[in-house]
Amino acid sequence: MKLLLVEDDQQNREFLYKAFIEQGYTLDCAEDGQQGLMLATCEHYNAIILDRMLPKLDGLQVLLALRATGKTTPVLILSALDKVDDRVTGLKAGGDDYLTKPFSFSELAIRVENLIKRHTFHAPLSTKISLANLTLDYSNQRVEVNTKTVNLQPKEFKLLRYLLDHQDKLVTRTLLFESVWEYHFDPGTNVIDVHIARLRKKLTEASAQLEIETVRGVGYRLKASEG
């Protein structure tokens, strides 16, 4: 997978370059908007990470010019501008995702991975996802443990499906709010904790051989239980 990083801050650029290389990506870097636009239009990338405030051409100008050429490469905007209007402006300009600074690399990496998956999506041959003795079939909204149905509410089903899609990976609270509740911010409620608790209870009662691990202050990880 090949990424383009357009970032004028040298420290951030060097950090992200090293981190993504360690994740197995190939990465090109540009330090201003003009250079970034040239690379984005002339080369093929699986995704572009674009800083909002850049010299020569700012991020929105780069994005608008890129989309005007017909390029559909998924773009994640990085910015210190964190107001709702700023995010809306970035998404309207053609951005596929928007992440505010400061950010954690783990969240950035997951967002980039998800952008690439959505952009290269092909219809699955199977509508089922399995882990240990649990199977979720999203064609008929059914969850089974050892062939016995587990009755879940719609949000619980959506939450479990997202965790299964990212099994063994850390999923942040922010990602859950965006993907399950379609909030683009943390509303400051305990809605996730309540649904996780209910889901855990139902899975335990059904003898599902998996667990939802809490990573305090960050998010959750779904994995097969030991033993």
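Student: What share of the contacts in the chain between residues at least 6 apart in sequence join residues at least 24 apart?
Tutor: That's 56%. Contact here means heavy atoms within 4.5 Å. Before we go on, this is a predicted model, where local features need pLDDT of at least 70, side-chain atom pairs count only at pLDDT 80 or more, and totals for chains, interfaces and linings use all residues. Residues are numbered from 1 along each chain as its sequence is written, and side-chain values use heavy atoms, with hydrogens and water left out.

Student: How many helices and strands are there in the chain?
Tutor: The chain has eight helices and twelve strands. Both are DSSP runs numbered from the N terminus: helices are H or I with at least four residues, strands are E with at least two. The C-alpha trace spans about 60 × 40 × 30 Å along its principal axes.

Student: Why are α6 and α7 called oblique to each other?
Tutor: Start with the angle: the axes of α6 (residues 154-165) and α7 (residues 173-181) come within 10 Å and cross at roughly 125°. Those axes are lines fitted to C-alpha atoms, for helices over the stretch in contact, and the angles run from 0 to 180 degrees between N-to-C directions. Now the cut-offs: under 35 degrees is roughly parallel, over 145 roughly antiparallel, 65 to 115 roughly perpendicular, and the rest oblique. The α6 and α7 angle falls in "the rest", so the two helices are oblique.

Student: Which residues make that contact?
Tutor: On the α6 side you'll find K155, K158, L159 and Y162, and on the α7 side L175, L176, S179, V180 and W181. By class, the contact of α6 with α7 has six nonpolar, one polar and two charged residues. Nonpolar covers Ala, Val, Leu, Ile, Met, Phe, Trp, Tyr, Cys and Pro, charged covers Asp, Glu, Lys and Arg, and the others, Gly among them, are polar.

Student: And what makes α6 roughly perpendicular to α8?
Tutor: Their axes come within 10 Å too, but cross at roughly 80°. That angle sits in the perpendicular range, so α6 is roughly perpendicular to α8. In this contact K155, E156, L159, L160 and L163 of α6 meet H195, I196, R198, L199, K202 and L203 of α8.

Student: How do you know whether H195 is buried or exposed?
Tutor: Check its relative accessible area: buried means under 20%, exposed over 50%, and partly exposed in between, using a 1.4 Å probe and protein chains only. H195 has 13%, so it counts as buried. Leaving aside neighbours within four places in sequence, H195 touches K155, E156, L159 and W181. Across the 227 residues of the chain, 43% count as buried.

Student: Why is the pair of F20 and F105 edge-to-face?
Tutor: The ring centres of F20 and F105 are 4.9 Å apart and the planes stand at 75°, so the pair is edge-to-face. F20 is buried at 0% relative accessibility, and F105 is buried at 16%, whereas F15 is partly exposed at 48%. Ring pairs link F15, F20, Y25 and F105 into a cluster.

Student: Where is the cis peptide bond?
Tutor: From K101 to P102, with omega near -5°. P102 is in the loop between β5 (97-100) and α5.

Conventions:
Phe/Tyr/Trp six-rings, centres within 6.5 Å; stacked < 30°, edge-to-face > 60°.
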